[in-house]
Structure formats: structure tokens, C-alpha cells
Number of protein chains: 4
Amino acid sequence: MCRWAAYVGQPIFLEDIVSRPAHSLIRQSQGATRCPTPVNADGFGLAWYGERPEPGLYRDVMPAWSDPNLRSLVGQVRSGLFLAHVRASTGTATSRNNCHPFAVGRWSFMHNGQFGGYDGFRRQADALIADAQYGHRIGATDSEALFLIALGAGLDEDPKSALEIAIGRLTALARERGEAPHMRAACALSDGRRLFALRTASDEHAPSLYYRWSNSRQGFAVVSEPLEQDQADWIEVPPGSFCTFDRAQVRIEEFAPMRLTRAA
Amino acid sequence: MCRWAAYVGQPIFLEDIVSRPAHSLIRQSQGATRCPTPVNADGFGLAWYGERPEPGLYRDVMPAWSDPNLRSLVGQVRSGLFLAHVRASTGTATSRNNCHPFAVGRWSFMHNGQFGGYDGFRRQADALIADAQYGHRIGATDSEALFLIALGAGLDEDPKSALEIAIGRLTALARERGEAPHMRAACALSDGRRLFALRTASDEHAPSLYYRWSNSRQGFAVVSEPLEQDQADWIEVPPGSFCTFDRAQVRIEEFAPMRLTRAA
Amino acid sequence: MCRWAAYVGQPIFLEDIVSRPAHSLIRQSQGATRCPTPVNADGFGLAWYGERPEPGLYRDVMPAWSDPNLRSLVGQVRSGLFLAHVRASTGTATSRNNCHPFAVGRWSFMHNGQFGGYDGFRRQADALIADAQYGHRIGATDSEALFLIALGAGLDEDPKSALEIAIGRLTALARERGEAPHMRAACALSDGRRLFALRTASDEHAPSLYYRWSNSRQGFAVVSEPLEQDQADWIEVPPGSFCTFDRAQVRIEEFAPMRLTRAA
Amino acid sequence: MCRWAAYVGQPIFLEDIVSRPAHSLIRQSQGATRCPTPVNADGFGLAWYGERPEPGLYRDVMPAWSDPNLRSLVGQVRSGLFLAHVRASTGTATSRNNCHPFAVGRWSFMHNGQFGGYDGFRRQADALIADAQYGHRIGATDSEALFLIALGAGLDEDPKSALEIAIGRLTALARERGEAPHMRAACALSDGRRLFALRTASDEHAPSLYYRWSNSRQGFAVVSEPLEQDQADWIEVPPGSFCTFDRAQVRIEEFAPMRLTRAA
């Protein structure tokens, strides 16, 4: 399990989410309270949007709390749309290429969760990645595969539908060749304009997902765990939901991964 | 292009090949003389055999000349069979998982060369890796793919034939979907008992390959470039050769990658 | 606080201490039970003695549990005398140069503990390092300073006395310019022949220290925390002790840091 | 020797200096033409000023050309005042803490050159750093020492004079305890408002230094080597000069390191 936080709204310093809150993402990397792996020290990453359509990307393999570059960056860079992630490996080697977020073109993507028994069907999972996206396959995680499959399934046109297809396909592989629990996912992604988030699982244990509108910042924070314990107004997203954060509005739709009899 | 050196014989300190000779592998990483990329600073690696059937593996992304761990290791570890590599990336990201040598079970493998236009057919190359080996696919290089395809093609039973098949398949992909030059390769590999090396290319420019028997060490050094400029007795391996170094003997056979009309 | 383990006896694979026991050093890096910082993920290090008088040294800044080089190394290297350390930074930047063990000539040294308010008297601490050792000052920790001061105070001739002087001087600085608790230390060190360990503090809270003789291995393990919870025969070293492990024998002497009215 | 480039003027993307020009800083890291060490692959760094008085700082130990974080950062961040550096170690270990630029408060500093025989008088050099700055001494380079000594000698009030004192003191140490050439330096530094640069040496071989005003950018580039070979309007700064770049103006004064009979 990993922890992540994302933001869309008026530009703020990244540190306002990543390191300054009492239960900031960096604090969560040292002691998460709502997930089975309290320490998330197997790398971290940031994707932020600024003056260009493509996001900036900064990822490294150290624990987030000990990287002076990260500390400096989040104190300098101001952005109105960004994703941040701390990783607890579920087996795949620690490598920058396996750190979230992943970015292709104007899209960025991060993920908390897993497909059960993924190591046993990596070959089949890779085969679901389209030719056009295969050049972006540089790591070995299920998360990167999910992102690239979704890109090939029309993420540009219809993000919710593309992810229902991509998650559906990988879940079918997990059912066919993997193990239970077959799928658990909380994802955040962005095209540089809107922030999307989803919460889903093949069982009763979808990873936690919350959001909160801040009047002072005029923005949404979307997170694995509330950033301040004493803020009562964090809203829990129910399992099976797809959220679209667009300026000051959020739309929540049902999210139902495509059910397939066969994966391929 | 990369530079590499391997050794089989009476145990010596790794530094006797890696860092002490006048034109040692580390010196070559700073200024190779027989290849188009004089600086090989995009990572390095060591595989050595000791008391276990599987090799030890040490790889990192720094230039070899600046890593104090490497300097310490090669000064402490003595081995009768080892492979060492310095990398000049031909495009793939610098990452430990993309550094040579690669190791699976008792096998280790390293490679200098390329398959032309590999980025354009990575998906098809990965598809040639068998299920049993796919779990070892953690990087994104053509070299790792070649090794894993060869393992699936019977490396254990007949190394020369397995590599003729694997190189043949990837060369066919390069002809079909890539670009010229389609294939150039100088590889070294070991099963923990014998050291194998090959030199081949689809054109007239096979990467350089030399070996030398040392009476004082009672061992063979096999290298991209001679380790001492003033030693006249380095023997150049002709293109189209497969060498088996077994104790004090070397056998050189013709190496002819399988010609395929279609890659898959 | 950090965690460490050392061994002297018949050669064993490093993994027999570092990664295989139920409560191995790597396990302790993820969840130590007898210290206030359960996660020790700010780097690690190994010093081992083999065929040379000087130790091999391997240190890196990742968490110990996620470094494939470390895993490979401890599975390959066999040694009859080694030190291993996992670090939880008490403030100093994560850097290979700040990772333990430190090594100079044939000596290696590692430390768990601190001198209170060290950041406020680093300049004075450095000034206690002798000219002959100053070239080895490449990091910024109190631990490295302690080691180098001890070397200048006669570590070669009388290790106990040299450490009583060195710890005494730094403790005097902490009293003069730092803060309480002024000193807590559990150290291990070796000259390549014997293994030394000490436990001391300026208050009632000396860091934990245990040792155990293994008949099957014919060796001593000396540790911050017992490596197996169900082994009843770990012996706790009392505060104010200096231990010398020499082959199958241990000698325990009183350790009393020199009391100085002024540090410099 | 190292290579560096700095900029002050209308905000530009860092990549306009760091990676896009034909002879950009990253190109220079692979093949500098005007210095004795053509490869500068022992780390790199950036300091840039944005919305805060303190600079952002990004440094790492890889070759600059192979770091995807660097590539992303320089393509995203726009700044009107920044310093960039690629390092060829003159002996000191490769470590983030030894990479330039260094930053303390609102100041940033970088350096190309050396004090002759520095390893032999590091202890005396450190002793010249004032108490107030000593806490910022986290590496082991002469460059960091020079910066901290200058801060203690009044960099805030009079940068030229502070550097004449600091360089004078270290040069005196080199004369007393080091070796010839005693001092060579090309430095750039900034307080977040103005950009300063100096060129000096104790012999005839001061490191190269150039600047150029760009009308299209409305800014000054100050560099070790011209960024475009075909631009004829790079102005070489004569040895013994201190330059102050303040908006669209440059003032060049004589720079004469203080001559001291004794260093301390």
C-alpha cells in the first residue's frame, strides 16, 4: 500500500500539501494510520503542472522525509494542480522507474493498491499495453501497466470509461491467473486541467479516499488520509466512485470496472 | 556502446581486472579507445561467483570511477570467475535495473552492442520472452530481453545454440520493424563454471573482443579492449565467433545467428 | 537512534546476522522494539574483514530492506569479523558519508547514540580531531568525529582508554555548549582481529547492548537487540562496560569516560 | 575543474541555459573544450530564485546528462536568476553534499577551481569558518569552505571584499601548507537580487569566464564556456576581475585577494 495526495485549485506551494500539514504526506510516509503498511519509504514522486501542458516530474528512491531536493522543491514550486505519492513496495524493486506518479504527454497518474498475484501474470499484463504506449513502459509495476493500458483504451476521450476497461482487464487477469484479493485501487490522475480520482475494489476493502474543499485556498485536496486530524470536513469517497474535480466543482459518478470473461 | 571485462581462472581480486591495470575497465569508462562513445558513465555492474552456485551482483548508476563501494568491493573480493561492465546508455534510462550484468539463477550475462531501432519494437521483443523468464524482466533494455529470450531458448542445455536463436529472433525484429545496423553484439556470460563470449554483427562492424591467457594468474581475461597497451599477446576474436573458456582451455566455434523470415 | 549488529568467530555468511534471523538487522530497520525510533531507514552500512588487513566497506542511503546490492552481498560474502548498521538520522543529512560503519586503515567503527546539542558545537568537535586524522573527516556526524578523535587519542595502543578520552571530550563539549542528555553511546569497533563494544551514558538511559555465544557457529554476535526473540541466552551488557571479544573469549571491563572540566 | 553557467534577467526556462543551447551546460558536461577535464560527470546542481528570498536547490551525484529529474525540472521551472553547475571532482568524494551550488539563507554560490594541496590543510581551512556558519558545513570541499568563510567575512555587506578576504586566507594556507598552483577560481554567487562573478588565480592560468547580454531575453548569461560556438559577442572577463550584474547593467572591478603573511 502507498499513500498519496493531490490538489487542484488556486496555486499553492507544494509543501502546503506535501510537508507542512500536521499529517502531511511526508508524515504519512513515516506513520500512516489508515493502511496496513505504516512506513512508505520505498521512493516518492511529484507531478505538477505549471506553464506547460506536460507536468514536471520528480521521483527518487529515498524515503521522502530524507531528501533535501524534495524539501527544497516543494518549498519553491507553486502549482494549481499536482499529484504527490509515497511508496511502500509490494514486491517490485525500488527504482525511480517504479515510483509514482507516471507521466505520458500531458497525463499524470498515481495509484495505491494492487492486482492480486500480479507477478504471476506480468507477461500477460504487458501484452495488454498498446504499441503506441509501449515505449513508455520503463518500469515493472502493475500501476504503470494500468496507466498505459488506460491510455490505449481512450483516456483522452473518456477517462472513466478508459479506466473501467483497463482495470477490468487487469482484474480479469488476476482472476484467471492471480490470486485474491483480485483488485484494490485508489487512483488519481490529471490531464493538466482536471483532477480525477477513483476508489474501487473487487472485495470489501477498497483503499481509503477523501477530499476536502478549502475556502481559504479555493481548492480541493484529494488524499489517501486526511491531512489534518482535527478537520472535521473531510468527505470520504464511497467505494465504486469516480470523481472529477474541475475548478470549484466535483462530480461523483459510479465506477464499475468492465467485467470480462477472459482477460485477453 | 559499453565496455566490459570478464575473467576465469585461479581466484584473483576483482581489482586486478577492474581497476588496477593501466587500461583497466574503470580507466576505459573514462576514456575508451576502441569504441565510438569514449565515456561510459551511465552505470556499471559486477557479477562474481564464490561459494554459491548463484553469482553475487553489484550494480549502480554512478560512473564506476566515483563509487567508493565499488572500489572497496573489488579490493576485497577474490573470485575465479567474474564479469564486469561499464555502461554508455544508447537511450534507455539510467537505472540499476538497466545495468549489466543481468543474473538469473546461476547464469550471469552482459552485452555490448544493440539491435537497431529497438525502441520501435520493444513490445514485440518482450513478447519473445517466455512465461518462465518474464518475472525477471525488471528493466527495459534490449540486453536483458536478449538474455531472457536465450534462457527460454535453452541456454542451460546449449548456450551457443540458445544465443543463435535469441539473437536471430531479435535481429529479425530489427529487420522487420527497426533500422540498420540491425545487430551488433559482443556478449559474455557464465553458468558459474565456464565463461562464454561471442562476437557477431549483421554488418562489418562487430564490437571488438579480445582474450589473453596469463601464466602468472593461470587464467583468461576476456575483454572489449586490452587491459594493458604494452601487452602484445592479446588475441582478437574474429567476428562470427563463440568462445568457451573452460579452465585453461578455450574453444572457438563459428557463431551464426539463426536467420528467420519472420521474427515471431 | 540506530540499530547495529556485529560478529566475531568462525566465518559465516553476513546474511546469517543481517537478514536471515527472525529479528535480523534488516527486520529491526523496519520495526525495532527497544528504541524510540522504530524505523531505521536513513541509510545502512557494512564493514567486513576478509583477506586483507583493511575492511571492505559498503554503505548506501536507501533503506536496508530495499537494496538489492545489499541482499546480494550478504548472501555471497563470508567473514569471521564484521559490523553492520542501520541508521535513523538524528538530524544530519542522509548521505553515504554519514552512514556507519566508518573505516580508517584497519579500523572500523559504528555507533548508536548521540552527544546532546551536537549541532551547536560541531566546530569545536571538529577541532578535537588531530591533523593526522582530519583528512578522513568526510561527513558531518558526531559518530565520525568520535571515531577520528579516538584514533588520535591512541586507539591503536589502548582502545578502551582512547574511547574514554574521546567520549569524555565530546561529553564535556555537550555539557559546556550542548544540552541534556549529554551523552549516550553503544559502539562497536574492530582492528581486524578483535571486536570491541561499549555501553555508556551520562544519564540512566544507555542504549541497549547484548551479546551471545553460539556453539554451532563458534562465534559471538554483539547487537543492539537480540536477533531471535525466543533465544533466552542473550546476555545484556550493563551500562558502563567495555567488552573485548577475542576468539572464544570475552573480557568485560568498566568503562568510564574521562571527566574534564573543559572540553578543549 | 568544473563547468558552470548563470543567468540574470527576464525569467526564462532553466533549460534555455542548461540543456537547449548547442554547447549547453549539459553538453559541456560531456565534452568541455576549454578546460583540462573534458568530462564533468561527478554530480551537478541548480540554485534558482523564484517567489521566495531563498533559492531552490537541486543537486545529485549522477552525470547531469542522465538524470530525468533534472531534465524535467529545467523544462518546467522559469526563473530570472539562477546558477547551474556540473562537477569534475578534484579528489573529494562524490556526494550530494559536495555538489555545487551551495546555499545559505538567501545566498547561493558555485566555484570552478581549487586551492593547491587542499587535502593537506583541510583542518586549518575548516578552522577559518566562523561559528555562525559552521552548522552549514556539511560536505568536505574547498568550495563550500570558501563560501562559508566569505559569509563570515561580510558577504552580506560587501561581496567583493568578503571574497578577497576569504580567497586571500585560503591562498595563504595553500602557500604555507599546500602546493602550487596555489589558487585558481572562477566563482558565481547571488543574493537573490544581483549576480556576482569573479575570475582570479595565483598564477597565469585563471579559469575561463565569459558573459553575454541577450537582447531577445533581456538578460545576462555568465559562463565558463560560451553556450553557442557561433555567437561572436561573448565577452571574456579578464583575470583579476569582479563582476556585478544588476538588471541590465554590469560593473567590472579589480579583484585582488588579500595578501596575508600568515593564514590564521
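In what order do the seven strands of the open sheet of chain D run? In this predicted model, the order is β3-β2-β4-β1-β10-β9-β11, with antiparallel pairing. Two strands form the edges: β3 (56-60) and β11 (235-236) of chain D. Each of these edge strands pairs on one side only. Within the sheet, strand β1 (residues 3-13) of chain D is joined to strand β10 (residues 219-223) of chain D by five bridges. The two strands run antiparallel. Gly9(D) faces Gly219(D) of β10(D) across this pairing.

Helices from two chains lie across strands of chain D. Helix α3 (residues 68-76) of chain D lies across β1, β2, β3 and β4 (78-86) of chain D. This helix runs at about 25 degrees to β2(D). Helix α3 (residues 68-76) of chain A also lies across strands of chain D, namely β2 (44-48) and β3. The chain A helix runs at about 150 degrees to β3(D).

Further strand pairing involves β8 of chain D. Strand β7 (residues 183-190) of chain D and β8(D) run antiparallel and are joined by seven bridges. Ala188(D) has Ala197(D) in β8(D) as its bridge partner. β7(D) and β8(D) form a hairpin, with four residues between the strands. In the turn, Gly192(D) has a positive phi of about 95 degrees. β8(D) is also joined to strand β12 (residues 241-246) of chain D, by five bridges. This pairing is antiparallel as well. Here Arg199(D) has Ser241(D) in β12(D) as its bridge partner. Six of the seven residues of β8 (residues 195-201) of chain D are buried, so the strand is largely enclosed by the rest of the structure.

Helix packing was examined in chain A. The axes of helix α6 (residues 142-152) and helix α7 (residues 159-177) of chain A come within 8 Å. They cross at roughly 130 degrees, which makes α6(A) oblique to α7(A). The crossing is right-handed. From α6(A), the contact is made by Leu146(A), Ile149(A) and Ala150(A). From α7(A), Ala162(A), Leu163(A), Ala166(A), Ile167(A) and Leu170(A) take part. The contact comprises eight nonpolar residues, with no polar and no charged ones.

Asp126(D) lies in helix α4 (residues 122-127) of chain D. Asp126(D) has a relative accessible area of 4% and is therefore buried. Beyond its neighbours within four places in sequence, Asp126(D) is in contact with Tyr134(D) and Arg137(D) of chain D, and with Asp126(C) and Tyr134(C) of chain C.

Key. Residues numbered from 1 in each chain as written. Chains lettered and ligands numbered in written order. Predicted model: local features only at pLDDT ≥ 70, side-chain atom pairs only at ≥ 80, totals over all residues. Heavy atoms only, no water. Buried < 20%, exposed > 50% of the residue type's maximum accessible area, 1.4 Å probe, protein only. Contact = heavy atoms within 4.5 Å. Axes fitted to C-alpha atoms, helices over the stretch in contact; angles between N-to-C directions. Parallel < 35°, antiparallel > 145°, perpendicular 65-115°, else oblique. Left-handed = near helix turned anticlockwise from the far one by under 90°. Nonpolar A, V, L, I, M, F, W, Y, C, P; charged D, E, K, R; others polar. Pairing = 2+ DSSP bridges.
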